[in-house]
Amino acid sequence: MRILVQLQRQGRMTNVHLADAVGLSTSPCLLRVKRLEQAGYITGYGAHLNLARLGETVTVFTEITLADQTLPYFTRFEAAMRGLDEVMECHLVSGGYDYLVKFVTRSLSHYQEVMEGLLERPVGISKYFSYIVIKTPIRKTEQPLMSLFG
């Protein structure tokens, strides 16, 4: 767990630094990291980007209701979402709608183009509601492993 916590904070740390941070020698630490990767606990490494430095973007959370709540509709919709670069997250949820989708687009007009393109395709969307993000005061990239699993 300590290895996972440290790698979430800084995925590029050297094995020497990681071993020191978790109280292991370098060889056992490296072996544990390799086992965690092979077992699927670590699924990849990446950089966190500051999109605002690259240009203007718009984040939109969208509630989507499908025309039918059957497996073929869910499967078709999820396949369409996987094919869109602008979709950052897609969650099947319980409650008043079927999916909560997070989009990141160049502008509101770009978001509308994406949605109109989806509505033209037979992906099963019955209705959708959009929530435009004005500000993101809290953004965490680390899972609270110690709170969740001790």
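M146 sits in helix 7, which covers residues 145-149. This is a predicted model, so keep that in mind throughout. M146 is partly exposed, at a relative accessible area of 44%. On the surface, M146 belongs to a nonpolar patch together with M1, L148 and F149. The four share about 430 Å² of accessible area.

Next, the salt bridges. How many are there? The count is 3.

I'll take E142 and R9 to begin with. Their side chains meet at 3.7 Å, N to O. This pair links distant parts of the chain, 133 residues apart. E142 is in the loop between strand 4, residues 125-132, and helix 7, while R9 is in helix 1, residues 2-9. As for accessibility, E142 is partly exposed at 34%. R9, at 53%, counts as exposed, because the cut-off for exposed is over 50%.

Now E37 and K34. Here the N to O distance in the salt bridge is 3.9 Å. Both residues lie in helix 3, residues 26-38. They are 3 residues apart, about one turn of the helix. E37 has a relative accessible area of 27%, which is partly exposed, and K34 is partly exposed at 41%.

That leaves E78 and R82. Their side chains form a salt bridge at 4.0 Å, N to O. Why are they separated by about one helical turn? Because they are 4 residues apart in helix 5, which spans residues 71-82.

Terms used. Residues are numbered from 1 along each chain as its sequence is written. This is a predicted model: local features need pLDDT of at least 70, side-chain atom pairs count only at pLDDT 80 or more; totals for chains, interfaces and linings use all residues. Side-chain values use heavy atoms; hydrogens and water are left out. Patches are made of residues with over 30% relative accessible area and no salt bridge: like charges are joined within 9 Å, nonpolar side chains (Val, Leu, Ile, Met, Phe, Trp, Tyr) within 5 Å. Accessible areas come from the Shrake-Rupley method with a 1.4 Å probe; for residues, only the protein chains shown count as cover. Helices (H or I, at least four residues) and strands (E, at least two) are DSSP runs, numbered from the N terminus. Buried means under 20% relative accessible area, exposed over 50%, partly exposed in between (1.4 Å probe, protein chains only).
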